[in-house]
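This briefing covers confidence, annotated repeats, aromatic contacts and salt bridges. The sequence and structure come first.

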Amino acid sequence: MQSLLMPCRRYCTSVAIAYNSQIARYARIGQIESARRVFDEMPDKGIVSWNSMVAGYFQNNRPREARYLFDKMPERNTVSWNGLISGYVKNRMVSEARKAFDTMPERNVVSWTAMVRGYVQEGLVSEAETLFWQMPEKNVVSWTVMLGGLIQVRRIDEARGLFDIMPVKDVVARTNMISGYCQEGRLAEARELFDEMPRRNVISWTTMISGYVQNGQVDVARKLFEVMPEKNEVSWTAMLMGYTQGGRIEEASELFDAMPVKAVVACNAMILGFGQNGEVAKARQVFDQIREKDDGTWSAMIKVYERKGFEVEALNLFALMQREGVQSNFPSLISVLSVCASLASLDHGRQVHAELVKSQFDSDVFVASVLITMYVKCGDLVKARQIFDRFSPKDIVMWNSIITGYAQHGLVEEALQVFHEMCSSGMATDGVTFVGVLSACSYTGKVKEGLEIFESMKSKYLVEPKTEHYACMVDLLGRAGLVNDAMDLIQKMPVEADAIIWGALLGACRTHMNMNLAEVAAKKLLQLEPKNAGPYILLSNIYASKGRWGDVAELRRNMRVKKVSKSPGCSWIEVEKRVHMFTGGVSTKHPELSSIMKMLEKLDGMLREAGYYPDSSFVLHDVDEEEKVRSLGHHSERLAVAFGLLKVPEGMPIRVMKNLRGLLVIAWLLMLSIRSYKIAVLTSWKAIPSQRVLQTILKGKQSYCIRVWAIFGSKDS
């Protein structure tokens with residue numbers, strides 16, 4: 001009889017093992033429902049099967065179902081209770097784990113260690129320490145977990161005390177201690193411990209190398225790296241990142257080429273390293289060579305494009321990322337959002353906003369500030385204000401973002417209202433706040449209000465005026481025509497005037513035809529920014545306006561000698577989620593250039609009929625009048641607007657962004673009748689028709705009403 005039962009038992013055991021194996025496999029790959037189906041189909045469920053199913057629920061972040069099944073178990077052993085505690089710990093439910101720990105009938109060292117680990121994981125190291133010293137017995141894992149907890153909260157000396165009394169110090173404990181010393185910058189003690197190790201593994205070596213790298217001792221790290229008995233991907237990557245983070249890109253490139261296996265993390269580090277060094281093409285080459293890219297690869301390349309001014313490429317790569325089904329991560333979304341702000345790409349910005357909402361990142365205050373800035377720069381102030389109003393409490397970045405947004409759009413009353421609300425809420429102002437408020441006053445000619453706010457900065461708000469605030473005041477006075485007062489302010493400033501201040505004065509002098517001060521400002525700018533072509537060109541035209549052709553020739557000769565060249569103006573417009581870029585002149589390469597030129601000719605004819613001619617007084621003086629008009633007529637922003645009139649549906653806004661001083665021109669085309677002309681001529685400031693001329697064009701014609709904002713943004717706003 002006994003001989004007949006033995007094969008039956010072996011069969012039943014093998015069947016149970018097969019079922020349990022299936023349950024574990026389904027749970028591991030996230031198919032928990034399939035695991036439960038296998039469990040329910042089992043004819044005889046042993047305690048191992050119950051434990052496997054409970055563990056599967058915990059593994060798939062379903063602690064409620066795990067507990068429900070645990071309570072239904074016909075019998076439990078210590079392994080069952082330990083599984084319950086460990087499951088709660090993995091799901092960050094340490095209070096529930098402690099309740100289970102306190103009620104379990106019998107505990108072993110695994111139970112105690114799991115509970116200590118749970119406290120350490122949640123940063124409750126004091127609670128972990130109390131429980132640790134209550135343990136009736138400890139093993140090497142218990143000691144190592146407690147050691148890691150003390151290192152985690154940077155109680156390094158207490159960690160060393162615990163390490164010294166450990167009955168058994170294995171390689172994991174020694175490596176943890178080395179890591180703790182490295183985090184504190186105590187490399188000598190870390191190295192002493194490393195040298196004393198009776199046995200080292202690749203993790204020990206890599207930890208010591210990473211410690212040197214993290215503390216800026218890359219050359220010492222390299223020496224240790226060279227004598228490693230064996231290296232893995234982590235070792236190579238740690239050494240590589242030492243070079244990339246230190247800006248030593250040539251050495252990083254050599255090491256990267258020598259790597260036997262190029263891990264994705266290493267490739268990502270090289271992409272960022274090349275990007276930081278300005279070698280964008282090489283960064284893209286590494287990106288293209290990676291067969292299996294992770295989300296970090298995509299976000300690294302997008303970040304490089306965003307930081308180095310390749311906004312269009314960043315958007316194109318983001319679109320490719322989405323087409324390939326790669327889940328966008330937080331860094332990539334933030335980078336693309338910044339690109340959308342730079343390009344005034346509202347459609348893409350809205351798309352990224354939707355992704356942030358879907359990923360539940362939109363509740364973050366930092367994200368809200370970036371969103372506000374994006375909508376502001378895209379001209380959607382209503383949406384920016386909605387996001388601002390939705391958050392409470394608001395941090396100073398959010399307040400500054402909305403104030404600066406209103407300021408950039410010339411909405412001084414709204415900017416001042418938010419400023420007063422900010423002060424009433426108890427939020428302390430800072431320097432950025434006053435840049436926004438003073439800029440608002442400057443754009444709208446509120447000289448009195450601007451002076452009052454500036455004078456109250458230090459006395460009332462305890463904010464010391466800095467160079468940027470004096471620049472705002474010079475701009476405020478200059479725009480109002482008070483150029484002599486602006487010059488007096490510069491001379492009395494307690495800080496040295498920089499290029500921004502002299503640039504503001506130069507712009508005001510040019511506008512109000514104060515040639516003497518303009519020459520002073522231009523010469524100052526040449527001293528401060530000898531490679532900037534702007535002052536040379538302005539001063540050249542100032543000399544030309546006075547007939548000083550010898551000085552003009554000398555200035556241009558200096559430009560050639562110093563190899564100073566003017567960056568061409570560039571404008572872009574987004575149509576159907578594709579960015580179209582234009583540079584000045586008819587040489588612009590665009591497939592629809594002929595249609596664009598016909599549209600401009602049509603608009604120019606209508607403007608001439610209305611009596612408008614562009615002001616060419618600030619175009620180069622040594623060309624004839626016809627060439628001056630042609631120069632104004634082929635400005636990049638005019639080409640972009642004309643293209644927008646051809647392609648953007650009626651009733652939709654045309655948004656044109658410029659690379660010079662972040663100029664954004666928005667023409668709201670509001671349909672007044674079915675048959676209508678589309679009219680918008682928005683070029684350089686001197687070529688924008690006056691309000692009277694626009695009204696003349698619109699009068700008696702079936703046309704659109706035009707509203708124009710000029711937004712001068714900066715990366716700080």
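Does Arg222 count as buried, exposed or partly exposed? At 24% relative accessibility, Arg222 counts as partly exposed, where buried means under 20% relative accessible area, exposed over 50%, and partly exposed in between (1.4 Å probe, protein chains only).

This is a predicted model, in which local features need pLDDT of at least 70, side-chain atom pairs count only at pLDDT 80 or more, and totals for chains, interfaces and linings use all residues. Residues are numbered from 1 along each chain as its sequence is written, and side-chain values use heavy atoms, with hydrogens and water left out.

**Confidence**

- The protein chain has a mean pLDDT of 81, pLDDT being the predictor's confidence in each residue, from 0 to 100.
- Of its residues, 85% reach 70 or more.
- Over residues 1–12, pLDDT stays under 50, and the model has one contact beyond four places in sequence for them; contact means heavy atoms within 4.5 Å.
- Residues 661–717 also have pLDDT under 50 throughout, but for this span the model has 147 contacts beyond four places in sequence.
- Where pLDDT is low, the predicted coordinates should not be read in detail.

- Residues 108–142 are 74% helix and 0% strand, with end C-alpha atoms 12 Å apart. Helices (H or I, at least four residues) and strands (E, at least two) are DSSP runs, numbered from the N terminus.
- Residues 395–429 are 74% helix and 0% strand, and their end C-alpha atoms lie 11 Å apart.

**Aromatic rings**

- The count comes to 18 aromatic pairs, where rings of Phe, Tyr and Trp (its six-membered ring) pair if their centres lie within 6.5 Å; planes under 30 degrees apart count as stacked, over 60 as edge-to-face and the rest as tilted.
- Phe101 and Trp112 are edge-to-face, because their ring centres are 5.1 Å apart and their planes stand at 85°.
- Phe101 belongs to helix α6 (residues 94–103) and Trp112 to helix α7 (residues 109–121), so this pair ties together parts eleven residues apart in sequence.
- Phe101 is buried at a relative accessible area of 2%, and Trp112 is buried at 10%.
- Phe330 and Phe361 are edge-to-face because their ring centres are 5.0 Å apart, with planes at 75°.
- Phe330 lies in helix α21 (residues 330–343) and Phe361 in the loop between α22 (346–358) and α23 (365–377), so the pair ties together parts 31 residues apart in sequence.
- Phe330 is partly exposed at 26% relative accessibility, as is Phe361 at 27%.
- Phe132, Trp133 and Trp143 are linked into a cluster by ring pairs.
- The charged end of Lys138 sits over the ring of Phe132, 5.2 Å from its centre. A charge sits over a ring if NZ of Lys or CZ of Arg is within 6 Å of the ring centre and within 35 degrees of the ring normal.
- Lys169 lies over the face of Phe163, 5.6 Å from the ring centre.

**A buried alanine**

- Ala642, in helix α37 (residues 636–647), is buried at 0% relative accessibility.
- Leaving aside residues up to four places away in sequence, Ala642 touches Ile596, Met599 and Leu600.
- Ala642 and Ile596 are 46 residues apart in sequence, with C-alpha atoms 5.7 Å apart.

**Salt bridges**

- The count comes to 34 salt bridges, a salt bridge being a side-chain nitrogen of Lys or Arg within 4 Å of a carboxyl oxygen of Asp or Glu.
- Arg222 and Glu226 meet in a salt bridge of 2.6 Å, N to O.
- Arg222 and Glu226 are four residues apart in helix α14 (residues 218–226), so about one helical turn separates them.
- Glu226 is partly exposed, at 45% relative accessible area.
- Arg186 and Glu189 form a salt bridge, their closest N and O atoms being 2.8 Å apart.
- Arg186 is partly exposed at 24%, and Glu189 is partly exposed at 29%.
- Asp380 forms a salt bridge with Arg350, the closest N and O atoms being 3.7 Å apart.
- This pair links distant parts of the chain, with Asp380 in the loop between α23 and α24 (381–390) and Arg350 in helix α22, 30 residues apart.
- Asp380 is buried at 16%, whereas Arg350 is partly exposed at 41%.
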